[in-house]
Amino acid sequence: VLLTKLAQDPCDADRVERLSKIAQSEQDAPLRQATLGSLVSLGRSNATISTELKKLDTRAATRPQIVLHAKAMAEIADPDDGGPVAELFVLMAETVSLALGPTLGALNVGKKERVDSRGGHPLRVAVAEWMGAVGFEGDFELYVGGPETHGVHGVGGEVPAIILGSAITAPFDATARSAVARTVFALRRGITSLRTRDENTIASVVIAACNEVDIKIANPGYAVYNEIQRAVHKEISRKVRKSIGETCSRVVTSKQDARAWSTAARRSLDRMAVIAAGDVSIVLSDVLGTPRDQLSSTVRESERARRLLSFVLSRNYLELRKKLGMGVR
């Protein structure tokens, strides 16, 4: 009953606290962790909760244990994140990365910051486990550096790249796990640009792609479109252009709203991040740019935050963590 009510109003802190007490009584550690993180997000944090969250994190696996199959990947994604627009971004991952960034140059990394693939560097092994978990089978490049000491960035391409901030160490803590999982999930689905680009830019990419294969769509008035059109035209390869025609046709016939899809796709990244972290307050602090102890009022005003809390306070979330081998023991 509590789960049903919280699906309707995940910001009901009294019900979350009641569910947390039930989890404690039943010795249900995964649910206890989910509810305590939610309580921190809703302004019910204290020293006891903070200490228990740290202890629960030490009992959770810090590395993914299995490869997520297609069904599990779809379950992680937001219910509104799908359709031909999502498929188009997978096909155009390298083009979009080149057109919109980020690039290695923009992140200020090069050969000096590149981690050699030989020798089993701990950070490379840790990233490789997450890459494998989302289904990457080929090689990747790892760089340590960039503009943010705790930042994690992905650069799409035939050989994708991960850039870790210089302060990140292995094994990953919950914050680093969250950021790495979100980034590899974004790379897998061709949506790394969604973290830094707005809805009009993403919709402009879709229009430009369709126009590249002679499926004409008029610009509905996006000021950024001409710049995006030039960038896509410059970076799209003959191979990609040949591969996207049928998908672009379905984009047009389905009348899928690319702007709405981009919002849902961001929520998918949030869901992957929290599955890895285990503590929703860590992810919400990053998403909202707000310290964890000040999240309460911001969370209640954010549809994105409420959606993530609703996901965390569901059976589906706990099952997905279990599938990935990230549950609390």
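Modeller: A residue is called buried here if its relative accessible area is under 20%, and exposed if that area is over 50%. The model is predicted, and every value below is computed from it.

Two aromatic pairs turn up in a search of the whole structure. In one of them, the ring centres of Phe89 and Trp261 are 4.9 Å apart and the planes make an angle of 35 degrees, so the pair is classed as tilted. Phe89 belongs to helix 6 and Trp261 to helix 14 (residues 258–277), so this contact ties together parts that lie 172 residues apart in sequence. With a relative accessibility of 1%, Phe89 falls under 20% and is therefore buried. Trp261 also has a relative accessible area of 1%, so Trp261 is buried as well. The aromatic pair of Phe311 and Tyr317 is edge-to-face, with 5.5 Å from centre to centre and 75 degrees between the planes. Both Phe311 and Tyr317 are buried.

Rings also take part in contacts with charged groups. Arg124 places its charged end over the ring of Phe140, 4.1 Å from the ring centre. Over the face of Phe136 lies Arg188, at 5.9 Å from the centre of that ring.

By class, the lining of the largest pocket consists of 10 nonpolar, nine polar and six charged residues.

The second largest pocket has a volume of about 540 Å³. It is lined by 28 residues, with Gly151, Val152, Ala179, Arg182 and Arg195 closest to its centre. Strand 2 (152–155), helix 9 and helix 15 (280–288) each give two or more residues to this lining. Helix 9 makes the largest share, seven residues. The lining of the second largest pocket divides into 12 nonpolar, 11 polar and five charged residues.

The cysteines come next. A disulfide would need two sulfur atoms within 2.5 Å, and the count of such pairs is zero. Cys248 is in no disulfide, and the nearest cysteine sulfur, that of Cys210, is 3.8 Å away. Cys248 is at 0% relative accessibility and therefore counts as buried. Cys11 has a relative accessible area of 10%, so Cys11 is buried too.

The backbone has some points to check. Most peptide bonds are trans, and most residues other than glycine have a negative phi. Gly101 and Pro102 are joined by a cis peptide bond, with omega about 0 degrees, and Pro102 sits in the loop between helix 7 and helix 8 (122–133). The bond from Ala170 to Pro171 is cis as well, with omega near 0 degrees; Pro171 lies in the loop between strand 3 (161–164) and helix 9. Asn108, in the loop between helix 7 and helix 8, is not a glycine but has a positive phi of about 60 degrees. Its relative accessible area is 64%, so Asn108 is exposed. Lys255 likewise has a positive phi, near 60 degrees, and is found in the loop between helix 13 (245–254) and helix 14. Lys255 has a relative accessible area of 74% and is therefore exposed.

How values were computed
Residues numbered from 1 in each chain as written. Predicted model: local features only at pLDDT ≥ 70, side-chain atom pairs only at ≥ 80, totals over all residues. Heavy atoms only, no water. Nonpolar A, V, L, I, M, F, W, Y, C, P; charged D, E, K, R; others polar. 1 Å grid on protein atoms, 1.4 Å probe; cavity = no way out; pocket = protein on both sides within 12 Å on 5 of 7 lines; lining within 4 Å. Points joined across faces, edges and corners; volume = space filled by probe spheres on them. Helix = DSSP H or I, 4+ residues; strand = E, 2+ residues; numbered from the N terminus. Buried < 20%, exposed > 50% of the residue type's maximum accessible area, 1.4 Å probe, protein only. Phe/Tyr/Trp six-rings, centres within 6.5 Å; stacked < 30°, edge-to-face > 60°. Lys NZ or Arg CZ within 6 Å of the ring centre and 35° of its normal.
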